Amino acid sequence: MTGRTALALGLLCLAATSPSLAEDGSARAVVTAGSSAMPSWTPDGTHLVFHSRRKEEKQRGIAARNIWIVSTDGSGERQLTKGTKDEYHPAVSPDGKKLLFVSELNGSRDIWIADLDGQNAVPLTDDPGTEDQPAWSPDGRQIVYAAFPKEGGSFDLWLMYADGSGRRRLTTTPANEIFPAWHPSGDTIAYVTDVNGNFDIYTIDVRDGRTAPLVVSPDHEARPAWSRDGTKLAFTRWPAHGRTSDATPWVANADGTAPIELTAAPAPALHPAWSPDGRTLAFQHRGEKGWEIWTLALPADIAAPGRLRLAQQVRGGADVDTAKLRSGDTLRGTLTDPHLRVRTAYGAVELGREAVATVLFDTGERGLARIVLANGDTLSGFLENEAIHLAAGGRTQSVPVDAIAQLSLRAGRGAAPPPAAFRALMRNGDSLLVTGAFAPLRVRVGGRTMEVSAAEVERIDFTEAGNKAEVVLRSGDRVSGEVVGDRLPLVLAAGPRLAVHPSSVRALNRTGGP
Amino acid sequence: MRAAVRAGGALALAAALGCAGVHRFHPNFYSVDGDIRLGEQLSKEVEGELLLLRHSALNQLVNTVGRRLLDASPEPAFKLFPYSYHVVDSPEVNAFALPGGPVYINMGIVEVCDTEDELASVMAHEMSHVAARHATEMLTTQNLSQLAIIAAISVIPIPIPPIAWEGAKLGYVLTLLRYSRGKEAEADRLGLRLMNAAGYDPTAMASVFRKLSEQQRSLPSVVERFISSHPLSEDRMRDAERRAAQLERPAATAVAAASPSTFPQVKMMFAKD
């Protein structure tokens, strides 16, 4: 057996024995009966409305999709519409009293409205063309939807009042504008467009029709959904040349920055919908028998109000450790290695597992990694571990570092790190938070040797050769002179102790107290 | 000796009937032009009862796949017919082709397909029925009176059995397009070669068959009509897998460029799930 074959078999075994993600408490199935999709929350957050196609619902020769409701714990499932043709894509009104959906009862895709219990259903559009993907305005007075006429063309966004009156076209491009989602402010609508070839997310200003890119990448982004407070956007992303079966949910700031992949959700995960309290995403996942409704409890740092940050981004928002392999596969489990050893340009660093957020092998050079620590530090160097070890399903698998493209580790649960006093900017570009516990810097000035303690220092700039330093003291005084000794002991806030040559450091800048 | 005489007789009959197509020795009273005219007439009938999606990207996708298949066709018979490709907004899993070229693909079967190769396998199969002239062969050999009924549907209000929920004319036409296992097997074989020549993955055909077979278990009514006109025996699936494995793949340079509208995007635009 070759090493590669052994690796492949090993990885296969790990994948086969990985526990269900539902068991780790972050993602779980709510509805698995029939084929169920497109969840929408009731405003009180207690129920999910979705559409489903059931085997037993054979109506005049074909099982039609119909609208259903279920408690978020999966209990009390109830059918709301009993159409003989497909009825799907439900959207509950902001006041929780009305239900929008698409129905094909009149021969083509039309927008219908009903009471939340499915009663008193009437069509709002009755064109022979296609009207699809309805969404409410935050005040519940208007509806945005995607449509194109029977004669042909591409999808445009249209607006109408909730009684079906006042229809007006919002976009007029030859590209397709689809999957509108109205921002809670009422001013803009996020939507998906193929104007750049692939799917990207743009916004359009409802008042003046001006459009702006929101999430644009070579990959496909689709099905946007705003959080109730409007500060974050969830969407679905899949690779540029990949399949939608690879689609995963992402969240980003409302301006599209800091996109985070929610790797705890099983792929494919489509059509994310925020719970009203912003702590849970509902989505549809393709199970063995059909689509299923799932919910994902968002990691606390993502669910918290405010902007998403870099450390969250590199963590991947997951509550498991994730190794993305060069083969394209993803392994999930718990990293059992207590340390990662990195040989940097300024010395060897042994990093505790708790300190590390992400290891990226994206330079193309074997073993050369960029490492982002939980506190935002960045290092680059050669990872000396030949393999890492992931535990899942009661067994541990060795994964050669050469096979890994990216390693994302869950947030550590260790003791709080000591406060950082300085940021060390290293000559190779690394950025490290260090404590104030470095030994006094000895500087020779005019034939005399001075000792400068860390508590006095505001900033130190080192020359490239490392034999000179300019020290700015907290008092405002400045000292310039020759550095005595060839080792500067530093204690990283992330834990490791280093003794670096002064030429390795470009500057030490105070960031906090002593 | 007796078998040889029978074979000789069949050859003589085939020659007398002047059949054209990808296979031989099958009587067909229609000319190629006759197939095309009949297809045109039937397309007017069925399109009155079908909701066609005239969406630019969707039509561009099926036209690009169809053109790619046709351009690479190893069989001259494929190029005798003016193919046209139409997408029907029906959740029912089905696809069918009328004689002479019109190919209809339901959104229901697009939903089942996960890749452009799988869609191409459905289209290649239907195009093969056209090229092999299966519809008019059946009309010739089985029941000529059906021909008269089809021609009369549009002008004479004769009673027609309530076969289909879509409408009587469409239902009747679809019933006529139920082919024998031999004809289905031939359309599979020709379709596989067509796909392969066009640079599509021929294993996608068996992959679609497996998915349809799975759907037959989970949502039987949705695939009922497809299964009734395209029986999915285990033998047929295995045969598609075996033949795909035996095909020699064309050189990459001979393969036309991929479609400009990617299949996952177009599918997502119309996705009901």
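Predicted model: local features only at pLDDT ≥ 70, side-chain atom pairs only at ≥ 80, totals over all residues.

Q: Okay, take T140(B). Is T140(B) buried or exposed?
A: Buried. The relative accessible area of T140(B) is 9%, and the cut-off is under 20%.

Q: Which helix does T140(B) lie in?
A: T140(B) is part of helix 6 of chain B, residues 134-141.

Q: What does the side chain of T140(B) reach?
A: The backbone nitrogen of F29(B), at 3.0 Å.

Q: And which residues does T140(B) touch, leaving out those up to four places away in sequence?
A: P27(B), N28(B), F29(B) and Y30(B).

Q: Zoom out. What is the secondary structure of chain B?
A: Chain B has 13 helices and three strands. It has 273 residues, and 57% of them count as buried.

Q: What about contacts between residues 24 or more positions apart in chain B?
A: They make up 75% of the chain B contacts with a separation of 6 or more.

Q: How much accessible surface does chain B have?
A: About 11100 Å². Carbon and sulfur atoms hold 56% of that.

Q: Switching to chain A. What order do the four strands of the open sheet take?
A: The order is 14-15-16-17, with antiparallel pairing.

Q: Which strands stand at the edges, and why is one side of each left without a neighbour?
A: Strand 14 (177-182) and strand 17 (211-215) of chain A. Each has a single partner strand, so one side has no neighbour in the sheet. From one strand to the next, the twist averages 35 degrees.

Q: How many bridges join strand 16 to strand 17 in chain A?
A: Four, and the two strands run antiparallel. Strand 16 covers residues 198-205. T203(A) stands opposite A212(A), which is in strand 17.

Q: Which helix of chain B lies across strand 14, strand 15 and strand 16 of chain A?
A: Helix 13 of chain B, residues 263-270.

Q: On to the interface. How much area do chain B and chain A bury between them?
A: About 3100 Å², with 56% of it on carbon and sulfur atoms.

Q: Which three residues supply more than any other three of the area chain B buries against chain A?
A: M268(B), K272(B) and D273(B), with 23% of that area.

Q: And how many residues does the contact take from each chain?
A: 29 from chain B and 47 from chain A.

Terms used:
Residues numbered from 1 in each chain as written. Chains lettered and ligands numbered in written order. Heavy atoms only, no water. Pairing = 2+ DSSP bridges. Axes fitted to C-alpha atoms, helices over the stretch in contact; angles between N-to-C directions. Contact = heavy atoms within 4.5 Å. Buried < 20%, exposed > 50% of the residue type's maximum accessible area, 1.4 Å probe, protein only. Polar contact = N/O pair within 3.5 Å; in protein donor to acceptor, adjacent residues only side chain to side chain. Areas by Shrake-Rupley, 256 points an atom, 1.4 Å probe, with all protein chains shown as cover. Buried area = accessible area lost by both parts, 1.4 Å probe.
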